[in-house]
Amino acid sequence: MIKISNIEIHLDEDKEELLNKTAAKLKIAPEAIEELRIQKESVDARKEPLKFVYTILVRTADEEKVLRKIHDRNVSIYEEQKPMALRRGDRKLEKRPVIVGFGPSGLYAALKLAEEGYRPLVIERGDAIPERDRKVDVFMEKGVLDSSSNIQFGEGGAGAYSDGKLTTRIKDGRVREVVDKLIEAGAPEEIATLAKPHVGTDLLKNVVMNMRKKIIALGGEVLFKSRLEDIRILNGKVVSVTVNKEEIPCEVLILALGHSARDTYEMLFDRGFTMIAKSMAVGVRVENLQWRINESQYGSAHKHPRLKPAEYTLTAKAPDLRGVYSFCMCPGGIVVPAASEEGMLAVNGMSYHARDGVNANSAVVVAVSPEDYGPHPLSGIEFQRELERKAFLMGGSSYHAPVQKVEDFLSGRITTSFDEVIPSYLPGVQAGNLADLFPRFITEGLKKGFTEFDRKIKGFAHHGAVMTGVETRTSSPLRIVRGENLESVNIKGVYPAGEGAGYAGGIISSAVDGLKIAEAVIGKYQPGGL
């Protein structure tokens, strides 16, 4: 096929005009195009008039002859990437692989192993989505937390209750496999072509359940309400796991724990796993009216019906030069309770597929590192917990979240009334001085960030913009160290995976890491075992 980049369509032009513009670019008649496929679609909003920009794949007769006539760096030959052939190992498994955690990494590792005949056993501490949904609703309505089944834990992991964002910076051929599997399970086909694809929490839940059904149909098993309590190690190798007080023999263990399985990390540390503390970021959620973000990003075209709710990515430097940035921006979304431990409070953001809510929200966070909280592998967890305890107390010890208008935060005032932005967080909010939550360097970083962001998006820190605290779960605070073979460096048979193990960030990279782990298992073992 032929690949053509940077074909532009103005907002009021018909999408069918792509055929004519592609033909003109190739200097052929439109009817000579046998197949036209959109590979990527984005919006160029850098200056008016706004444009849709496309990368197109075309099939036509005698493509080499067509290319000889074209001298354009935006036109080139395109060859479809073929799936990488899997090499199976020669050792036969005596027991089926055990996967702990059913977020993106565990889900994709399980699906890959099931497709290849390995019949994995998946252990997930939370509930299947229908019951998990009910418990999340109860938490948001009544402030009653189930510490095992919530925004963090349960089928689909934390990613199932986010925006379902599929953007990633990684360059890996497995990304396409991840997207294809989502579409196969019911995700919108547009995620294969949009420059900033997302599924949305409402659709992603059904997609995850469909993938689970396929795993089971292929011989896998998924156990919910099942927490990994212990690991038995003999001569430096895993031999069994204890789940709900039952010992299960095990020779291959994939730890796809997610970034909030703090009790499990503590158990693994006690069992001697090599871990290191790593950097992360903490801060707040900020809410603005979505139409103001649209107006800032799209200008006079912000009401055009073909434009999706606008997004933003913002960065700045704190006074001490550490990074301050927006994270996990949710257009038309809500701020949700992300606590998973009693007496602690954390927040996150979530959007549905339509992204049609009144508010936009994003985390605004300041980079922190082991230099701030200590080199011990578990010190980052204690740093997070301390912030979450403070937020819980500031909110009235009822899972109401502390809030403050950005203008009041910058001026050191307690908020007494809201303006145009009404906080979306449930079960409720309580006014507080969010500067009291953080060490001084984080407070100063947030203040510098909001001041800078207000210059980049006019009014970002004004018009009643609201901060909700506290955002602590941006990434795992530690890494379970693994070698080039993807096994733990000191416990054989154990494969740390995904965001929780410190090797990914976000749905796509976590899913890709799950695939890599599955391939490593396949490359070493033959399927077998009970």
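Q: At 27% relative accessibility, does K21 count as buried or partly exposed?
A: This is a predicted model, so local features need pLDDT of at least 70 and side-chain atom pairs pLDDT 80 or more, while totals for chains, interfaces and linings use all residues. Residues are numbered from 1 along each chain as its sequence is written, and side-chain values use heavy atoms, without hydrogens or water. Buried means under 20% relative accessible area, exposed over 50%, and partly exposed in between (1.4 Å probe, protein chains only). At 27%, K21 is therefore partly exposed.

Q: Which residue does K21 meet in a salt bridge?
A: A salt bridge is a side-chain nitrogen of Lys or Arg within 4 Å of a carboxyl oxygen of Asp or Glu. The N to O distance for K21 is 3.2 Å.

Q: How many residues apart in sequence are the parts tied together by K135 and D146?
A: Their side chains meet in a salt bridge, 2.9 Å from N to O. K135 lies in helix 4 (residues 129–142), and D146 lies in the loop between helix 4 and helix 5 (174–184). Helices (H or I, at least four residues) and strands (E, at least two) are DSSP runs, numbered from the N terminus. The pair therefore ties together parts separated by 11 residues.

Q: How many residues apart are K308 and E190?
A: K308 forms a salt bridge with E190, with the closest N and O atoms 3.9 Å apart. K308 sits in the loop between helix 8 (290–298) and strand 15 (315–317), and E190 in the loop between helix 5 and helix 6 (201–217). The pair links distant parts of the chain, and the separation is 118 residues.

Q: How many salt bridges does a search of the whole structure find?
A: Some belong to a network that links R262, E266, E341, E382, R385, E388 and R473. The search finds 44.

Q: Which residue takes a positive phi just after helix 3?
A: The phi angle is about 90 degrees. The residue is G117.
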